[in-house]
Amino acid sequence: MIKRWGLSAAALLLTAAVILPGCASKEESPKEAISSSAKEALTMTSYEMKSVLTINNLTIDAPAGAGDETTGMVLNMLKNADISINGVHQSDPMQTELTMVLNLKGDMAMSFNIPMVLTTDKMYVKIPSIPFLPLPETIVGKFLELDPKELAEQQGVGVTPGTVDTKKVQDLSNEVVSTLLGEYDEETYFKNVKPEDAGLPEGVDAKQVVQFQVTNSNVKEALTILVNNALPKIIDILGKEEYKEMLQIDEAKLADIKQQLQSGEARAEFDKGLADLDSYLTVNNFQLNTAINKDDFPVYQNLLMDVVVKDPEQGQNINLALTGTNQYSKINEKQTFVIGIPQGEDVVTMEELQQQFGGMSTY
């Protein structure tokens with residue numbers, strides 16, 4: 001069951017992640033608006049952003065006595081929990097400030113506030129005060145300095161923020177989005193929504209709102225299109241010469257993935273899982289709205305997801321409902337950085353952090 005649910009969830013979330021950048025320059029048909037706007041969205045060289053993900057419902061319906069206290073406590077904390085990220089970004093010179101706030105609810109309510117700063121060659125993470133993990137006062141509140149290139153080398157990865165070709169990333173994104181969207185029927189999955197009916201927050205001025213929707217009646221078709229039609233083509237795109245070096249992709253492994261994806265055994269397993277999908281997954285709601293302003297930028301996106309994952313063998317259902325929003329402002333304007341680039345006594349290195357714990361690597 002978990003394997004089948006994982007396939008379904010991953011496919012839905014992949015679709016959401018790729019569609020999010022959509023925008024349009026005029027009142028086009030929904031699919032044309034999304035396709036043509038991918039290029040426009042990637043011209044943003046600076047912006048302020050705010051993202052919020054809220055778990056509106058997370059419950060397990062199970063036979064009496066099947067649950068445990070730990071599971072109940074975790075569910076209690078996660079229900080109505082939210083994660084927000086406020087940030088400022090500029091491309092040249094590369095500098096990004098992000099402040100992540102995690103709010104847990106329930107009997108053990110707590111909040112974590114973690115500011116981060118990224119530059120071309122460094123990443124700084126502010127060390128928070130955590131109640132159940134007492135840290136030395138000498139490091140709490142300081143910024144832990146990380147070297148992304150060094151970390152990537154330790155993990156055998158050659159891609160770091162400073163080595164990525166931005167133009168190639170834009171070209172790759174455009175190809176992937178165009179290929180993916182090209183496989184889906186406009187009348188079935190896309191539609192325009194009147195801005196006044198889209199529930200946009202105050203201050204968001206949209207001239208067009210495009211909705212991508214998957215329902216319980218078309219989820220099987222949506223997954224089939226993704227796995228059988230779109231993914232093989234996307235794998236071919238990733239294997240192009242201009243992208244392989246940038247992504248550090250092993251051509252042989254990529255070919256092996258495609259072969260496995262298209263093998264008779266994999267197709268048979270996928271078809272079997274798809275045939276039984278009704279027994280394991282119910283999609284009550286899956287909508288993704290993208291609002292476009294007069295300057296053709298995607299200034300606001302919101303995701304609504306409400307699904308039920310069923311395990312008939314154990315006789316339990318997991319209900320998950322969440323909402324996500326992403327808002328951009330001050331696009332391509334001069335940005336103001338509040339934190340700045342940490343330096344001097346405000347910074348602690350990984351070596352210094354390890355020394356604080358007697359040589360033990362805690363992070």
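This is a predicted model: local features need pLDDT of at least 70, side-chain atom pairs count only at pLDDT 80 or more; totals for chains, interfaces and linings use all residues.
Let me begin with two neighbouring elements, helix H9 (residues 251-262) and helix H10 (residues 264-275), whose axes come within 5 Å and cross at roughly 55°. The axes here are lines fitted to C-alpha atoms, for helices over the stretch in contact, and the angles run from 0 to 180 degrees between N-to-C directions. H9 and H10 are therefore oblique to each other, given that angles under 35 degrees count as roughly parallel, over 145 as roughly antiparallel, 65 to 115 as roughly perpendicular and the rest as oblique. On the H9 side the contact (heavy atoms within 4.5 Å) is made by Gln260, Leu261 and Gln262, and on the H10 side by Gly264, Ala266 and Arg267.

Residues are numbered from 1 along each chain as its sequence is written, and side-chain values use heavy atoms, with hydrogens and water left out.

As for the elements themselves, the chain has 12 helices and 12 strands; helices (H or I, at least four residues) and strands (E, at least two) are DSSP runs, numbered from the N terminus.

Now, which residues of H10 are buried? They are Phe270, Gly273 and Leu274, where buried means under 20% relative accessible area, exposed over 50%, and partly exposed in between, with a 1.4 Å probe and protein chains only. These residues cover an arc of only 100° around the axis, which puts them on the same side of H10; the arc is that of the directions from the helix axis to the C-beta atoms.

Leu223 lies in helix H7 (residues 219-238) and is buried, with a relative accessible area of 3%.

The C-alpha atoms of Ile318 and Ile60 are separated by 4.5 Å, although the two are 258 residues apart along the chain. Leaving aside residues up to four places away in sequence, Ile318 touches Leu58, Thr59, Ile60, Val307, Val308 and Val309.
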